[in-house]
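Please read the points below alongside the model, taking them in order.

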Amino acid sequence: MTPEAGEPGQRLDKWLWAVRIFKTRALAAEACKKGKVMVNDLVVRASKNVQVQDRVRVALPGIERIYRVTAVIEKRVGPKLVGEAVVESMHGGGLFVEVDR
């Protein structure tokens with residue numbers, strides 16, 4: 001992976017796949033294309049580079065999840081290691097609580 005000049009990080013679709021939010025990169029890219037994924041409250045393309053401390057909002061059928069990027073990882077990780085790369089925030093009904101995974 002080669003980030004664009006001056007913009008460190010990792011492609012959004014690859015990061016979403018690597019931290020197991022989507023089963024495949026294709027599904028992650030499709031969700032970005034349909035506007036279901038936002039980074040820092042902006043609708044972005046799958047090629048957007050995410051960086052540490054970015055907030056990623058994913059709208060899945062029936063639920064919306066918010067994640068904070070805590071590490072940029074190069075390869076897909078096992079479920080036990082996901083907590084090192086992302087913190088999930090639960091959002092619903094005006095209640096906002098951050099939960100470490």
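**Note on the predicted model**

1. N49 lies in strand β4 (residues 49-50), where helices (H or I, at least four residues) and strands (E, at least two) are DSSP runs numbered from the N terminus. N49 is buried, at a relative accessible area of 4%, and here buried means under 20%, exposed over 50% and partly exposed in between, with a 1.4 Å probe and protein chains only. The N49 side chain comes to 3.4 Å from the backbone nitrogen of R11.

2. This is a predicted model, in which local features need pLDDT of at least 70 and side-chain atom pairs count only at pLDDT 80 or more, while totals for chains, interfaces and linings use all residues. Residues are numbered from 1 along each chain as its sequence is written, and side-chain values use heavy atoms, with hydrogens and water left out.

3. Strands β2 (residues 37-39) and β5 (residues 55-60) pair in the antiparallel sense over three bridges, pairing being assigned if DSSP finds at least two bridges between two strands. Within this pair, V37 stands opposite V58 of β5.

4. Strand β5 also pairs with β6 in the antiparallel sense, over six bridges, and A59 has E64 in β6 as its bridge partner. The hairpin of β5 and β6 has two residues between the strands, and G62 there adopts a positive phi near 85 degrees.

5. V77 sits in the loop between β6 (63-69) and β7 (86-92), yet V77 is buried, with a relative accessible area of 15%. Leaving aside residues up to four places away in sequence, V77 touches A18, R20 and V82, contact meaning heavy atoms within 4.5 Å. V77 and A18 are 59 residues apart in sequence, but their C-alpha atoms are 6.1 Å apart in space.

Technical notes
Polar contact = N/O pair within 3.5 Å; in protein donor to acceptor, adjacent residues only side chain to side chain.
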